[in-house]
Each structure stands twice: as C-alpha cells, then as structure tokens.
Amino acid sequence: MKPVAIFRHAETEGPGHLALFLDRQGIPWQLFAIDNGTPVPVEAADFSGLVFMGGPMSVNDDLPWIPPVLTLIRQAAQKQIPVLGHCLGGQLMAKALGGSVTRTPVKEIGWGEVTPSDTPEAALWLGETGPFQAFHWHGETFSLPAGATRILSSQHCPNQAFVLGPHLAMQCHVEMTSDMIRTWCAVGADEIAQADSPAVQSPGEIEALSPARLPQLHQAAETLYSHWIQGLAT
C-alpha cells in the first residue's frame, strides 16, 4: 500500500492522534515537514491519501509552499485520492477546491461543542456520534466549495467540517493529544492573553477540561478517520 502523506506546517502541530490511529490500522504514512523546508511533492498518485495539519499562518499569506500545496490538493481531488484537512489543512482544501477563507467574527481557542448536521453525509461520516466537545484554535474560517456538504457546526463558526466525495475538511482539531494541548497552551499563552473573544479559554481552563474531554474527542476522531481510510488507494 502506498503511504499516506502527512503535511506538517508548524513544528508543534504534528499528526497527533491520527498517527496513532494509522499505526493501529497498519497504514503506512510519511511526514512532510513543510516547516523544515521539505519540498511539496508534485504527484498525488504517489500516495494513498493526503493529510494536511494545522498551522498559525493564513492560507491567504504569500508563502512559497502554498501554491504547490493547492495544486496538489486539486490534483488529488481530480484523481479521487482522499484528502483530509485539520484547521489550516481544512482551509487549504477549501481554497484549493473553490471556497474562500476569511477572518471569523469570533476567535475560538479551547474546548467548544460541535454539532453534526442532519444530513445523510453527516450520518455516513459520523455514525451515531452526537454533539461533542472539539478542540479549537482559529481566527479564520472557510466557506463551502461547490458540491461540498457541511457535517459539523458550532455556535460561533457554522462551517466546522465539510465533506466532498472521499474528502474531509475540518476547521476544528480532532487530532489533539494531552501533550499537544500542553504545548499549545504554553506557546500560545500570549495570543490567549491578547484575545478579546467569548470563545477563548484560559490555558488553565483548557488543561483542566482536557482529561475528561479527550476520550470523547478521540472517539469522534476515530469515527471520522475510519470512514476516511475506506477511500484510500491501495
């Protein structure tokens, strides 16, 4: 089986729980550390699927790796090679597939409930999953590309996830681990302190809520990931 290509855009924003899930399923994966200057591959067909993680930058920034990433996503979509995006990764997918990424009126940082849509697509991807506490860290949001269906929403961000064929783009983070949360809270303490938003939690609150909420997050993540891997090329 060809490996799943996982693209990391910031050192602290690796695949987290997704890596554990893929390892348990016996699915090979290869990390592309864009943050360390690793070049973007040119051929999507070299991989069974593409995964894009988060990052503090905007997809609208003038960064040299963004155009080739958008091209790779479009190529994968044309060839029905599954693409999966987390936060920045979901925004990259939205932009590549014809949507737009704009600043959200309410910044979200920390734990917040997301609700599945009442659609056949949401039932297909989420099964019996009801509303759950997802992890958030974003100040921008994506619109839905043509043909896409929203499957998750939140109070402050209607477009928390969309699907388009075998592709899944998420604004929220379902890949979090306890170590990642501790690191993000430390690295992002200044951003939290400067944020003026009803949907931003303090590092102390985020970490206090994590032990109870991570198991449910991982359950939802594995439900989504389990459907996504069904489309992987062999």
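Student: How far is the sulfur of C87 from the closest cysteine sulfur?

Tutor: This is a predicted model, so read distances as computed values. A disulfide needs two cysteine sulfur atoms within 2.5 Å. The sulfur of C87 lies 8.5 Å from that of C172, its closest cysteine sulfur, which is too far for a bond. C172 is likewise in no disulfide, with the sulfur of C87 as its nearest.

Student: How many disulfides does a search of the whole structure find?

Tutor: The count is 0.

Student: Are C87 and C172 buried or exposed?

Tutor: Buried means under 20% relative accessible area. C87 has 5% relative accessibility, so C87 counts as buried. C172 is at 0% and therefore counts as buried too.

Student: On to the sheet. In what order do the strands lie?

Tutor: Strands of a sheet pair through backbone hydrogen bonds, either parallel or antiparallel. Here an open sheet of 9 strands runs β2-β1-β3-β4-β9-β8-β7-β5-β6, and the pairing is mixed.

Student: Which are the edge strands?

Tutor: Look for strands that pair on one side only: β2 (29-33) and β6 (132-142). From one strand to the next, the twist averages 20 degrees.

Student: How many bridges join β1 to β2?

Tutor: There are 5 bridges between β1 (residues 4-8) and β2, and the two strands run parallel. Within this region, I6 stands opposite L31 in β2.

Student: Which strands does helix α1 lie across?

Tutor: Helix α1 (residues 17-24) lies across β1, β2, β3 (49-52) and β4 (83-86). Its direction is at about 155 degrees to β2.

Technical notes. Residues numbered from 1 in each chain as written. Predicted model: local features only at pLDDT ≥ 70, side-chain atom pairs only at ≥ 80, totals over all residues. Heavy atoms only, no water. Buried < 20%, exposed > 50% of the residue type's maximum accessible area, 1.4 Å probe, protein only. Pairing = 2+ DSSP bridges. Helix = DSSP H or I, 4+ residues; strand = E, 2+ residues; numbered from the N terminus. Axes fitted to C-alpha atoms, helices over the stretch in contact; angles between N-to-C directions. Contact = heavy atoms within 4.5 Å.
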